[in-house]
Amino acid sequence: MALLSKKDSRLILDPLADNNPITIQVLGICSALAITAQLKASIVMAISVIFVLGVGNVVISLMRNIIPSKIRIIVQLVVVAALVIIVDQVLKAFAYELSKELSVFIGLIITNCIIMGRFEAFALGNGPWRSFLDGIGNAAGYGVILVIVGFFRELLGSGTLLGFKVLGDPITKTGLYAIGYENNGFMLLSPMALIVIGIIIWVQRSKNKDLIEE
Amino acid sequence: MEHIELFFKSIFIDNMVFATFLGMCSYLAVSKKVATAVGLGAAVIFVLAVTVPINWLLDQYILRDGALSWLGEEYASYDLSFLSFILFIATIATMVQLVEIVVEKFSPSLYNSLGIFLPLIAVNCAILGGSLFMQSREIPTLGLALNYGISSGIGWFLAILAIAAIREKIRYSNVPAPLRGLGITFIITGLMAIGFMSFGGMLTGGDDTTSLEGNPENVGMESEQIQQENIETEETIKVSTITKQ
């Protein structure tokens, strides 16, 4: 990482594992659970959040000295809402079906607590470049969990990845299905998202004992 | 009858926490004690009951395609629906501010115990989600919108009350160390969600798929229909421009 100083690269790398927004800080969970039945939707959601948080953090950090602290929540909400409208309109224009699939959850990026959390905790007190790195890092940490959950739910639930049949064809019984494997349709239902994230937390905390609660 | 159906549907079948995962952050963070959970749940019911009808009016008379026709003929073709995120969130932020002032005045102890989470109701996705689902499910009347706000609030209240009660008791059981706290809460919520899925057959006798909101097949069909409609409207627009020329 010659491009970034050591301090700066920590801003990106920390949230990816030991300070992950979802599994450690418990932020931004709603959308992580609801749209992860397919890998594609998870990736689009992750990219949208990376865009909104990266740009939003820079904007808030540029305005941090002129925002009166009493109305800062409303100012922050307006900035996020404007960015989310851009994402929503772009998706509607270029990926209409996907935007239907994500339904209200694109709109709910506005109330994703990671975004407000980073604005409050970081962008209001740091310069634009560092805020940008922090935003990208945290959104990527969120994206990593999303992609992991989406990967397992789509693979085990419908036997596909990004729509490609990686485990063979369930109707003509090729590949894994030939030896008696069946899709676990339960993985596509919403409760399994909770359980998958619970298991991710379990794995992460058994690897890093410092993270165990109480 | 319509009201009763919507009431039970939004509490049990489309429960905000267990079916659509809205408001999970505060649900996980404030559910350590029953007392604070009850306070936050009540605040959420109140805010939803106020904001959903207000946003219904905004949607009906300002935002949706052709909603401005009450202003006059020339405004009938305006479609401001892209502004709905900003207007909805502004309404919500104002109402939350109001609730904060009221709670601070009448119950300072509750105000102190809720702490940072009261202003955070403004960014609780359950609240914005309530309004967005109200919009996307096209709830027809103001009365039904009020009903929807209150009943989905009650659903959220029930969920946080239940998990808080479980978490108070689970302290005495022997959970594997890495799973303690957040991990086990996630898994319990998942199991509760499986339980709540069985309410799906309550109103329809079991042959309906309304509880499977995220079912990809349903969504695909819907979007195909919408695309066809879009193509049709595009054609009519082309025709109208040609005739103008």
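Modeller: Here is a quick tour, starting with the ground rules.
Modeller: This is a predicted model, where local features need pLDDT of at least 70, side-chain atom pairs count only at pLDDT 80 or more, and totals for chains, interfaces and linings use all residues. Residues are numbered from 1 along each chain as its sequence is written, chains are lettered from A and ligands numbered from 1 in the order in which they are written, and side-chain values use heavy atoms, with hydrogens and water left out.

Biologist: Which residues of chain B does UniProt call "transmembrane region"?

Modeller: The unreviewed entry lists 6-30, 37-58, 78-103, 110-133, 145-166 and 178-199 of chain B. UniProt positions are in the numbering used here, feature names are shortened, and annotations may be inferred rather than shown by experiment.

Biologist: And what does the model show over residues 37-58 of chain B?

Modeller: That span is 100% helix and 0% strand, with its end C-alpha atoms 31 Å apart. Residues 145-166 of chain B are also 100% helix and 0% strand, and there the end C-alpha atoms are 32 Å apart. Helices (H or I, at least four residues) and strands (E, at least two) are DSSP runs, numbered from the N terminus.

Biologist: Is Ser48(A) buried or exposed?

Modeller: Buried, because its relative accessibility is 7%. The cut-offs are under 20% relative accessible area for buried and over 50% for exposed, with partly exposed in between (1.4 Å probe, protein chains only). Ser48(A) sits in helix α3 (residues 39-63) of chain A.

Biologist: What does Ser48(A) touch?

Modeller: Val87(A), Ile106(A) and Ile109(A), leaving out residues up to four places away in sequence. Contact means heavy atoms within 4.5 Å.

Biologist: Which residues touch the most other members of the largest nonpolar core?

Modeller: Ile110(A), Met24(B), Tyr27(B) and Trp156(B), out of 112 residues. Such a core is a set of buried Ala, Val, Leu, Ile, Met, Phe, Trp, Tyr and Cys residues joined through side-chain atoms within 4.5 Å.

Biologist: What does Ile110(A) touch?

Modeller: Beyond residues up to four places away in sequence, its contacts include Leu77(A) and Val80(A), as well as Phe85(B), Ile89(B) and Leu128(B).
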